[in-house]
Amino acid sequence: MTNTSILVVEDEAIVAKDLQNRLKKFGYIVPAIASSGQEAIKKALEIRPDLVLMDIRLKGQMDGIQAAEEINKHLDIPIIYLTAYADDHTLERAKVTEPFGYLLKPFKERELQTNIEIALTKHRLEKQLKTSQKWLNTLLKSISDGVIASDIQESVTFMNTVAENLTGWKQEEAFGKNSSEIFNIANAETRNPIESPIKKVLQDGAIVGLPIETILITRNGIEIPIDDSAAPIKDDKDNITGAVLIFRDITERKKAIEARKKQIEQEQLVAQLEELNQLKNDFLNLVSHELRSPLSNMKVMIQMLQLSATPEEAQRYLELMEAECDREMDLINDLLDLQRLQTSSSLPLTFDAVVLQQWLLWAIEPFQARVQERQQTLKLNLPLNLPTLFSDSNSLERILAELLNNACKYTPAGGEIILSVYHNSSQSPPATIITVSNSAEIPAAALPRIFEKFYRVPNTDFWNQGGTGLGLAIVKKLVEQLQASIQVESSDGWTTFTLALTDLGNSNQ
């Protein structure tokens, strides 16, 4: 911790000052505070701190991640991100810069100090590792893997036993031959020859690795998947005197990777099957409950009917039984309709020329008495110049009936229901837009589930009609069959379903 300097990058002055005080309290030195990405780069190059605490969201065109990328190009300094954002996109961008920490605000002092100490220790160890890797890498790999050494002319000067077994060449046979003849490699997919890594090392003076999917073609023509690296051999004056090639057979590794890949695929398949099975069980349990509920009520009504003391009381129980019977029939019919829509990838559609000015007046007729009885208002906005719509009138009738039924159910007495139609010729393809609005608001949390099977918005059925909870699920499926779209919005005391219909007759000609 002694004399450890930390650059703070934070655009909020109060937050930056508080962070500086905390760091000084821990015993760190804070030589500077930067408030922008450009200033952070400049300060880092000037003072070369031991660590940078970087806020991701900064004022200006450059954010903290971009600043960190630029600093990493010039300096080997550990960077810890301090941010209030943990979304996937930000995390993926931050990971590319290989930070030494990622702290979410607000954080505790102990958490900050721990991350700093870990980052400093990790960075120190990484520097030591990088220093020793240059000689340890060649030494260790030459013992455990195949090794071929060459002189400055690319002629083979040494092969170990592993290299002999992999290439099919004995050292005495390979000695003095060009390394490309002994180490014959190609692309596993195209079979095109690959340039010898030894040749490239001697040209560039740097360590070279093989491309992915490289195969070694042995003296006998056998193909072996390998990976390797080649490094220059230098004298004490740093002059290149040759190259050393270390390579290994990765056949078993590839088999293990492939086996693991298949295992993961199988595990994912099992998980999907388990999820589907759970969904099936949940659905069956829900359907079972919904089907049994009216039957149980009817059984109770029958018992009460048997105990009725007067004809009037008996008549009332008969009416209740009839209502439960209708409820059971509605549920069964809706289930059958939904099952038919779900199991048929493409139901046969009958294209009709639908004259909306006439058809809509006929379609809303059954709801006129209902809204009057409940003191609701049904308003129809119907332009005179609507073009004829070619679509399946039966599906349209069911969709509109379910939407109007839904609006009637959830609109209180004195409320308003508005059915509007217009033709949008500006979009491609042109569409007929039908909206059903009612003066009642659906909670925001319920909107994503509005088209789910058996889902009912809690505490909003003003008329206690119950229903099957399948109407809007059927609407969603019918809309998909018509290659249309439907959306729902709810705010400011209103709920609006918007149905966009394209001309199916013309699109299928």
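In helix α14, the residues Gly471, Leu472, Ala473, Ile474, Val475, Leu478, Val479 and Gln481 are buried. Here buried means under 20% relative accessible area, exposed means over 50%, and partly exposed lies in between, with a 1.4 Å probe and protein chains only. Because 8 of the 11 residues of α14 are buried, the helix is largely enclosed by the rest of the structure. Helices (H or I, at least four residues) and strands (E, at least two) are DSSP runs, numbered from the N terminus.

The model is predicted: local features need pLDDT of at least 70, side-chain atom pairs count only at pLDDT 80 or more, and totals for chains, interfaces and linings use all residues. Residues are numbered from 1 along each chain as its sequence is written, and side-chain values use heavy atoms, with hydrogens and water left out.

**The chain as a whole**

The secondary structure comes to 15 helices and 19 strands. Of the 509 residues in the chain, 41% are buried. Among contacts (heavy atoms within 4.5 Å) with a separation of 6 or more, 63% are between residues 24 or more positions apart. The chain exposes about 29000 Å², and carbon and sulfur atoms supply 52% of that area. Accessible areas come from the Shrake-Rupley method with a 1.4 Å probe; for residues, only the protein chains shown count as cover.

**A five-stranded sheet**

An open sheet is formed by 5 strands in the order β14-β16-β17-β19-β18, with mixed pairing. The strands β14 (377–381) and β18 (485–491) stand at the edges with a single partner strand each, so one side of each is left without a neighbour in the sheet. Neighbouring strands are turned by 15° against each other on average, direction ignored. Two strands count as paired if DSSP finds at least two bridges between them.

| Strand pair | Sense | Bridges |
|---|---|---|
| β14 and β16 | parallel | 5 bridges |
| β16 and β17 | antiparallel | 8 bridges |
| β17 and β19 | antiparallel | 8 bridges |

Strand β17 (residues 431–438) is mostly covered, as 8 of its 8 residues are buried. In a regular strand the side chains alternate between the two faces of the sheet. On one side of β17 the buried residues are Ala431, Ile433, Thr435 and Ser437, and on the other they are Thr432, Ile434, Val436 and Asn438. A hairpin of 6 residues joins β16 to β17, and Asn424 has Ala431 in β17 as its bridge partner. Towards β19 (residues 494–502), Ile434 stands opposite Leu499.

**Salt bridges**

A search of the whole structure finds 20 salt bridges, each defined as a side-chain nitrogen of Lys or Arg within 4 Å of a carboxyl oxygen of Asp or Glu. Arg219 and Glu173 form one, with the closest N and O atoms 2.7 Å apart. This pair links distant parts of the chain, 46 residues apart: Arg219 is in the loop between β10 (214–217) and β11 (223–234), and Glu173 is in helix α7 (residues 171–174). Arg219 is partly exposed at 42% relative accessible area, and Glu173 is partly exposed at 33%.

Arg191 forms a salt bridge with Glu223, the closest N and O atoms being 2.9 Å apart. These two are 32 residues apart, with Arg191 in the loop between β8 (185–187) and α9 (197–204) and Glu223 in strand β11.

Back in α14 (residues 471–481), Lys477 and Glu480 are 3 residues apart, about one turn of the helix, and their side chains meet in a salt bridge of 3.9 Å, N to O. Lys477 is partly exposed at 26% relative accessible area, and Glu480 is partly exposed at 46%. Just after this helix, Gln483 takes a positive phi of about 55°. Elsewhere, Asp145, Asp227, Arg248 and Arg253 are linked in a network of salt bridges.

Methods. Axes are lines fitted to C-alpha atoms, for helices over the stretch in contact, and angles run from 0 to 180 degrees between N-to-C directions.
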